[in-house]
Amino acid sequence: MIEKWVPAISSYAANVDFIFDLIFYIVIVFWFVLVQAVFLWLVVRYRKRDGVRAQYISGELAHEKKWISYPHYLVLLCDVVILVAAIRVWYIVKQDMPPTDETVRIVAQQWAWSFVHAGADGRLDTPDDIRTVDDLHLQVGKTYEFKLESRDVIHSFSVPVFRLKQDAIPGRVVTGWFKPIATGEHDIQCAEICGFGHGLMPGRIVIETPEAHVAWIASHGPSGAGE
Amino acid sequence: MAVHHAPESWVRKYLLSTDHKIICFQYMFTGMALAIVGGFFSYVFRMQMAFPGMNVPGWGLVTPADYNMLVTNHGAIMIFWVAMPVLIAAFGNYLIPLMIGADDMVFPKINRLSYQIFLLSAVVLFVSFFVDGGGSAGAWTMYPPLMSKDEYSLTGTGSSVFLVAIALEFVAFLLGGINFVTTAMNARAPGMRYQDIPIVVWMIVIATVVFMASVGPLVAGAIMMLFDQQLGTAFFDPNRGGDPILWQHLFWFFGHPEVYVVLLPATGITAEIITVFSRKKLFAYMTVVNTAIATGILSFLVWAHHQFVAGIDPRMANIFTVTTLIISIPVAEMMFVYIATLYGGSITLATPMLWALGFIFTFLIGGVTGIFLGASGADIYLHDTYFVLAHFHYTFFPIAIIGAFAGITFWFPKMFGRHMNETLGKIHFWGTFFGFNAIFIPLFITGVLGDHRRIFDYSNFPELTTPMMDGMRQFATISLIVMLGFQLVFLYNFLTSLVWGRKAEKNPWLANTLEWTTDSPPPHGNWPELPTVYRGPYEYSVPDRKDDFWPQNVPS
């Protein structure tokens, strides 16, 4: 149901939305409603009444204990279902790396994002790389590998419309992937507190049609690889 | 041993006392005072979030630096200086000796030292607000390198003083914890077997063991961080061979068990109250004890679910997803047991019972929303959003606030020998209950819609500044102010009842446990003659008996 409010425009966004919905139906719609209903019903049903004494139930006998052991097994079963689904989604987003078309370097620092695009030759660390600050330009339908770095403290690269979040760790290059499936312009957030300017670290992701993307590359002269 | 005590000066009696009951009050009143500070901080930053750039009454303009300082210290205060002292230290101190039939803790002077170090830690925390650069501002989780280097945090001195305060606070609770465990094991009344110990004592002792076993790595981590800050070591500095992720492991190895450290006492308080006010034997006593022990053990195996997207090996996330979902089983079972206890009862909705039932209702919301976050696939999106914030407030608020109010309203007659006002108590309950839900239900939604945490002004993010999102943030803030307003009802009720409340007899709730067999308030030494125990704590409504309760100390 997330997609009703936050567009789902990466190839795996639907997987993340699916696991959210699955948990919602199992845990909220079924368990939560059932347990609260039983709970509130018991409170109303067994209010103190004159002349009615409470029952003496130890809860240790088998026919009493089944009232908690059966729900217990059902919780276990639901946990297994959720587990399998969650790990499957996790595997797709974080563990598996499909063949990628292009690589983009994302560099976080206090308090800005900078991006190194591969440029016209489609390869990173060549003279025609395009460096930008705060704007990440992508071509719809292409699968990107990202290399996420930080210059100072821990930041977190978060793109809600992609359903992607990954911390940037100084001293490490964290790799991952995404594939935008629709054009548009959306927020990039820093999701890990990174100092006084944490709230002043917005970025924009611009997903373009192949034609528009080629035009954008052409309009930018190479600005040199790396620093 | 009830020996004759010479009259004592006020200072000796209340400030330097070794009496566990007085030490309880010291912890409780200090915790309540700090809750006011923590609550005020939340009011200030929520105002800024709902009405960015506003001149907040009582504070003024909230700068980004102020904002980060306020959220950091709100979290730290509420967990380390409110939940811990009130739930563990205050109730542990008061209830353990009185419920197991002892005249005091086994190490009364260590107990006194524990509070004094705790008070010192609170003073040091306050000092951190006023040093150069201001208070610590890198979130209560204190992730390096932000927190380990002044050039990044710009609050170098404040961060160091803050770490000292946290370390002192841990020392205080380690000293208190030694006392709790030793007392519960060695000082029980004759005849009290393990299965005759009231659940709340079990819970506080299990929580204490979990605390003592988990805090070591964090104390070590705090010292390492302090060395990084002040001596130029590089434990967490990646440029010189250190590793910032190491801190996260040390922190959450303590941080997650800590959730259960405060949860267990609150569930114990709930167990005592629901049995008394439904006149029922606790359903499956041993199951409750076993689920608490299982929860305690499992709580050591889930910490990395806070770090799914933090740059750990993605394969490791799968292991922690499994352990995290497994912990839902004992916790769910404990809730089932409590609900089953209500079956066939004779329920009176007195104020303490309202709080106990309110705990079950709200904690269930906290529990079920935890599944979304424990499931790694969903956490990729929800991590570090307001969904996380709403989830843990739905665990910590029932624990630290609702649980504490349940305990205070229930044991107030015993503690102070007077009753609180029931009408005001109910007004306070409903105001707090509805207010709390009205704050955090909208924040679940803003979280799912993409609000990320610790942002002082969302207007930099076009997708997060829709009228609907702004409206929900404002609604949450107004609900907070209303809820905080209702706390004045409690303060008024509490303070006036201390002086003018209706006098309480020994056992106003007709309960079974030992603390209700002595005077209200109990004298120094607790009983003229220490009690003997003949049965378990929950023998309510036993068939063929005239009374529907059967105190533990009454011979058959």
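The term pLDDT denotes the predictor's confidence in each residue, from 0 to 100. Chain B has a mean pLDDT of 94, and 99% of its residues reach 70 or more. For the complex, the predictor gives an ipTM of 0.95 and a pTM of 0.95. This is a predicted model, in which local features need pLDDT of at least 70 and side-chain atom pairs count only at pLDDT 80 or more, while totals for chains, interfaces and linings use all residues. Residues are numbered from 1 along each chain as its sequence is written, and chains are lettered from A and ligands numbered from 1 in the order in which they are written.

**The two chains**

Helices (H or I, at least four residues) and strands (E, at least two) are DSSP runs, numbered from the N terminus. Chain A contains 3 helices and 10 strands; from the N terminus, its elements follow the order α-α-β-β-β-β-β-β-β-β-β-β-α. Its radius of gyration, 25 Å, is well over the 17 Å that the globule rule gives for 227 residues, so chain A is more spread out than a compact globule. This radius is taken over C-alpha atoms, and the rule is 2.2 Å times the number of residues to the power 0.38.

A residue is buried if 20 or more other C-beta atoms lie within 10 Å of its own, exposed if 12 or fewer, and partly exposed in between, with C-beta atoms placed from the backbone.

| Chain | C-alpha extent along principal axes | Buried residues |
|---|---|---|
| Chain A | roughly 90 × 35 × 30 Å | 40% of 227 residues |
| Chain B | about 70 × 50 × 50 Å | 61% of 556 residues |

**Domains and the contact between chains**

Chain A is assigned domain 1 (2–95) and domain 2 (102–219), with bounds that come from an automatic or database domain assignment. The centres of these two domains, taken over C-alpha atoms, are 38 Å apart. Their contact involves 10 residues of domain 1 and 12 residues of domain 2. Two residues are in contact if their C-beta atoms, placed from the backbone, lie within 7 Å.

Between the chains, 78 residues of chain A meet 78 residues of chain B. On the chain A side, H2(A) provides the largest share, 18 residues. That side comprises 47 nonpolar, 17 polar and 14 charged residues. Here Ala, Val, Leu, Ile, Met, Phe, Trp, Tyr, Cys and Pro count as nonpolar, Asp, Glu, Lys and Arg as charged, and the others, Gly among them, as polar.

**The nonpolar core**

A nonpolar core is a set of buried Ala, Val, Leu, Ile, Met, Phe, Trp, Tyr and Cys residues joined through C-beta atoms within 7 Å. The largest one has 250 residues, and B:Ala83, B:Val201 and B:Ala400 have the most contacts inside it. Helix H3 (residues 64–100) of chain B contributes the most to this core, 25 residues. Both domain 1 (2–95) and domain 2 (102–219) of chain A give residues to this core, so it lies between them. Not counting residues up to four places away in sequence, B:Ala400 touches B:Met78, B:Val82, B:Ala83, B:Val86, B:Leu87 and B:Val262.
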